[in-house]
Amino acid sequence: MKKYLHRKTGIVYALIVPFCVLFFVSCSTVKEQKEKPNVILIMVDDQGYGDIASLGNPYIKTPNIDGLHAQSARFTDYHVSPTCAPTRAAILTGHHSNRAGVWHTVNGRSLILERETTMAQVFKENGYSTGIFGKWHLGDNYPFRPQDKGFDEVLVHGGGGEEQTMDYWDNDYFDDTYMHNGKLEQYEGFCTDVWFENAKNYIAENKNKPFFCYLSTNAAHSPYFVADKYSDPYKDNENIPNAAFYGLIANVDENIGKLVDYLESIKLMDNTIIIFTTDNGTAAGAKIEKGGDRLDGFIAKGYNSGMRGIKASMYEGGHRVPLFIHWKNGGITTGKDINELTAHYDVFPTLVELCGLNVKEDLKFDGKSLVPLINGNTEEFEDRIVITNSQRIENPEPWRRTALMQKNWRVINGTELYDLKTDPEQRVDIAEQHPEKMAGFKKAYDAWWEEISPSYKDQPYIIIGHEAENPVNLYCHDWHTDKVSPWHQRHIRTGYVDNGYWLVRVEESGTYTFKLRRWPEEIHLPMNAEAPVRPAKPGTSVTESKKSKSLTVREAKLVIQDYESAKEVDPSAEYVEFTVDLKKGETKLITEFTLDDGVNIGAYYVNVEKQ
């Protein structure tokens, strides 16, 4: 990759303007440009700060990411949310994820609020073409889909990862079916290869005008399916917790190299801003020591840059991730570490400044442009506070799995204090030694909470009966739950519950049909059937992972507005259908399947159509 990213070390550019004022701009300073730059935002899923060779990992090979690192502005103290969807909401809106309404990855709280404006919308308003390839995870229904939030070209899988409920049933990373501009289409090849190849096709079609390309891979998220040629180099190494996880990253790295080669070949590399980042701490590149908390413990195996915790942790390893920015024509071509505290909601205002975008006056950011830092001006960042949390409940609670950060200080959950200068692994809580400092941090947090919490009343409503999406397919992935059930407590890692409700808005009064399903429509299974078994893919170690068992459903029930009805289930039928007259407005949709043992669960899939 170094072959394609050109370095201009020590060169000084001079620009003569009226009155003979001479401005000197070094290679590390953003240069003014008349031509709008293209933007490629690469976000890798579940890859942590330590899962890159150039950031110190002695086991992994990432030559193309390393090449980008060598010739970029590198933000060494950059923080995101501890899990997937919240980070995506923050980076795309410039708002804290809590303000954007996204503080969970399921349970209806991964749906970006309708009122939020994304960078894709702003780029589009400024004459850019916009495309997304890969993972969206901010809503699969109107008005939350990428095409509803500013993207012209859309190629994505469903939900937060392949094999989740929202995703097409047979998807397993190879030769899968994706949503392309609102329609399901099957693609040949490995998922990451498909995203990058189609992104290159999109770039080719839009090379004569500015474009914003969001390349958001589902790799290296579980399930850890990858061709053996990528994972084999990491097998049988006792220091590597998960060879397939590294293999997924190796494939991403290969594709980044191919993308840079392609941009160079069509002469777009120089005026394209490339941003590389990830969405949370490592998911499988480090293993917690035996007996430690599974998310927040200390690392015993693998590499995590000396940080405590992994993905979903409130400690450093859960939310400090890489951020590289490269732009040759903008003068960002030399490897430069920037050590000030920065965050995911800074990326949008940074691009606004770099690209000279016009934004509406009422669009205010929680973040701030990183351009001053790139240019060496640290004044605005010296005392800033960044707050990140992992709520994963229906309504946020103060200090829940929270990190408040300022310079080298880290306040955890309002009770613990760490100084990263002397204790980078966050082993020694020094809160009792600094009561005044803790009081100041708590005061700052209380002010932040008071300011942001009114936005929590805004609800994400899936709209039914709208011409933009009719019929609508609803998934249990988006159930809201007012309380955590005992079942949920036993299966907290999955984030799924046994039942809940959908928040829906009826767009128009009229007659609607509801089809309640146990299985997704595409596999055409009877209600009480057992899931089919899928063979492994040739040349891989991928094995069948869908182990859903059969259920005997006796009765189906539907509740919406003032309608409530139950029907006996025909075990040979694929669904139970209800026809309902609905009034325009916001409401809850509740479904119920009664099993032969008397247990009640929700319908995992519901098709709603306005007649």
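Here are some questions and answers on the terms used for this predicted model.

This is a predicted model, in which local features need pLDDT of at least 70 and side-chain atom pairs count only at pLDDT 80 or more, while totals for chains, interfaces and linings use all residues. Residues are numbered from 1 along each chain as its sequence is written, and side-chain values use heavy atoms, with hydrogens and water left out.

Q: How many helices and strands does the protein chain have, and what makes a run count as one?
A: There are eleven helices and 30 strands.

Q: Why is Thr402 called buried?
A: Buried means under 20% relative accessible area, exposed over 50%, and partly exposed in between (1.4 Å probe, protein chains only). Thr402 comes in at 0%, so it counts as buried. Its place is in strand S18 (residues 402-406).

Q: What makes the pair Thr402 and Arg400 a polar contact?
A: A polar atom of the Thr402 side chain lies 2.9 Å from the backbone oxygen of Arg400. The cut-off is a pair of N or O atoms within 3.5 Å; within protein, one must be able to donate a hydrogen and the other to accept it, and residues adjacent in sequence count only if both atoms are side-chain atoms. At 2.9 Å, the pair is therefore inside the distance limit.

Q: Which residues does Thr402 touch, leaving out those up to four places away in sequence?
A: Among them are Met314, Ile387, Val411 and Tyr445. Contact here means heavy atoms within 4.5 Å.

Q: Why is helix H1 described as largely enclosed?
A: Seven of the eight residues of H1 (residues 63-70) are buried, so the rest of the structure largely encloses this helix. The buried ones include Asn64, Asp66 and His69. Their cover includes strand S4 (73-75), helix H6 (243-265), strand S11 (272-278) and strand S14 (323-326).

Q: How do you know that Ile256 is buried while Lys407 is partly exposed?
A: Ile256, in helix H6, has a relative accessible area of 2%, so it is buried. Lys407 has 44%, so it is partly exposed.

Q: Where are cis peptide bonds found?
A: One joins Ala219 and Ala220, with omega about 10°. Another joins Asn470 and Pro471, again with omega about 10°.

Q: What makes a set of residues a nonpolar core, and which have the most contacts inside the largest?
A: A nonpolar core is a set of buried Ala, Val, Leu, Ile, Met, Phe, Trp, Tyr and Cys residues joined through side-chain atoms within 4.5 Å. The largest has 80 residues, and Phe75, Phe212 and Phe514 have the most contacts inside it. Helix H8 (residues 347-355) gives the largest share, six residues. A second, separate core of 53 residues includes Ile60, Tyr187, Ile203 and Val260.

Conventions: Helices (H or I, at least four residues) and strands (E, at least two) are DSSP runs, numbered from the N terminus.
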